Amino acid sequence: MTAITPLAELREKIDSIDAEILRLLNQRATCAMEVAKTKIAQGEVGTFYRPDRESLVLRRIQELNEGPLSNETVIRFFREIMSACLALEKPLEVAFLGPEGTFTQQAAFKHFGHAVKTVPAATISEIFNAVETRLCQFGVVPVENSTEGVISHTLDRLLVSPLNICGEVEIRVHQNLLGLAENLADINTIYSHQQSLAQCRQWLDKYLPNAQRVAVSSNAEAARLAASDKQFAAIAGIAAADVYQLPVIEKNIEDIANNTTRFIIIGQQTSTSTGKDKTSLVVSTGNKPGALHRTLEPFARFGVDMVNIESRPSHQGLWDYVFFIDIQGHADDPQVAGALAALQDQVNMLKILGSYPKAVF
């Protein structure tokens with residue numbers, strides 16, 4: 001029979017480990033500050049955040065992890081460590097679709113850690129403007145949802161913006177009905193973002209068929225409105241419930257359980273190849289027979305996997321479209337570079353939106 005270690009001895013061991021963890025954390029922070037000083041001495045200016053470097057660190061941690069903690073848990077822990085170390089120099093300022101408590105802010109914290117300063121913006125265009133004018137180093141914008149498809153405002157803004165896509169992050173979206181009402185029958189108006197209303201359409205049709213559905217700029221704004229009247233309710237995330245101190249009437253009312261939204265990180269920076277990257281681009285083919293085939297052929301020829309393709313009106317002429325394409329790999333990788341060079345001769349316009357590390361959890 002295995003001997004049971006006394007509780008007092010286990011607690012003493014934990015205290016000793018905690019002290020060593022604290023010592024090592026501060027040692028890491030000191031080293032990070034030395035890195036910053038070295039970069040300044042070498043003339044490197046701008047943000048010290050490197051999405052490619054962070055991605056490599058997190059993947060290495062994932063490979064080293066032997067448990068019992070899950071990879072997702074240790075990556076979340078180390079992301080917060082890196083975030084706190086960077087903030088010792090100057091916290092990153094990251095624009096998000098506000099107000100406080102939105103899924104976009106949740107995505108910002110998941111990608112950058114909680115030591116960043118999140119700056120709310122009223123619209124997607126305002127996020128782009130904040131980064132383009134350097135009021136913020138980075139911005140977080142939604143680009144597609146697994147249920148409702150692409151976010152057209154983001155794609156249209158990417159078409160004309162000089163910013164690069166620097167990274168991506170995915171959020172499992174759990175929609176909740178929030179409000180002050182004690183019964184569903186007391187609710188006459190439901191506020192939410194149009195995407196969230198669409199994601200909960202079947203649930204609303206079944207349980208609140210007579211309530212008016214009002215689309216607003218964000219789920220957090222919906223929660224703010226719902227907090228003002230017992231007859232109002234909001235569809236939003238738990239973060240919004242916490243910010244506006246709203247009870248959760250019903251949890252997880254989304255029609256599809258694995259509902260996920262993909263966000264992209266926009267900034268002035270470019271990333272080097274990490275070996276696990278994506279490249280996003282937009283092309284204009286003109287309204288010609290076989291144009292789409294000629295666009296896709298170089299990727300097949302050079303063995304480059306295409307992840308996604310979406311068409312949008314170019315706003316340049318009737319029935320003239322541009323194609324937003326996501327492919328596997330970095331623009332500097334030989335196969336991708338070859339495909340892009342060949343593609344250049346087949347299209348009217350080719351714009352690389354960014355090569356960036358794939359999301360790590």
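A residue is called buried under 20% relative accessible area, exposed over 50%, and partly exposed in between (1.4 Å probe, protein chains only). This is a predicted model, in which local features need pLDDT of at least 70 and side-chain atom pairs count only at pLDDT 80 or more, while totals for chains, interfaces and linings use all residues. Residues are numbered from 1 along each chain as its sequence is written, and side-chain values use heavy atoms, with hydrogens and water left out. Helices (H or I, at least four residues) and strands (E, at least two) are DSSP runs, numbered from the N terminus.

**First stop: salt bridges**

A salt bridge is a side-chain nitrogen of Lys or Arg within 4 Å of a carboxyl oxygen of Asp or Glu. The structure holds 14 salt bridges. Side chains of opposite charge can pair when their charged atoms come close.

Select Glu132 and Arg157, whose side chains form a salt bridge (3.1 Å, N to O). This pair links distant parts of the chain, since Arg157 belongs to helix H6 (residues 152-160) and Glu132 to helix H5, 25 residues apart.

Next, select helix H1 (residues 7-41), which contains both Arg23 and Glu20, three residues apart, about one turn of the helix. Their side chains meet in a salt bridge (2.6 Å, N to O). Arg23 counts as partly exposed because its relative accessibility is 43%, and Glu20 counts as partly exposed at 35%. Further along in H1, Lys37 and Glu34 are also three residues apart, and a salt bridge joins their side chains (3.8 Å, N to O).

Then select Glu144, Glu168, Arg262, Lys278 and Asp326 together; a network of salt bridges links them.

**Second stop: strand E1**

Select strand E1 (93-97). Four of its five residues are buried, so E1 is largely enclosed by the rest of the structure. Two strands pair if DSSP finds at least two bridges between them. E1 and strand E2 (residues 117-121) run parallel and are joined by five bridges; Phe96 stands opposite Pro120 in E2. The chain passes from E1 through H4 to E2 in a right-handed β-α-β crossover. Right-handed means that, with the strands pointing away from the viewer, the path from the first strand over the helix to the second runs clockwise. E1 also runs parallel to E3, with two bridges between them, and Ala95 has Gly139 of E3 as its bridge partner.

Most residues other than glycine have a negative phi, and most peptide bonds are trans. Select Gly67 and Pro68, where the peptide bond is cis, with omega near 10 degrees. Pro68 lies in the loop between helix H2 (51-64) and helix H3 (71-87). The bond from Gly98 to Pro99 is likewise cis, with omega near 5 degrees.

Now select Arg134, which has a positive phi of about 65 degrees although it is not a glycine. Arg134 is exposed, with a relative accessible area of 62%.

**Last stop: Thr295**

Finally, select Thr295 in helix H11 (residues 291-301). Thr295 counts as buried because its relative accessibility is 0%. Which residues does Thr295 touch, not counting those up to four places away in sequence? They are Val283, Thr285, Ile325, Leu343 and Val347, where contact means heavy atoms within 4.5 Å.
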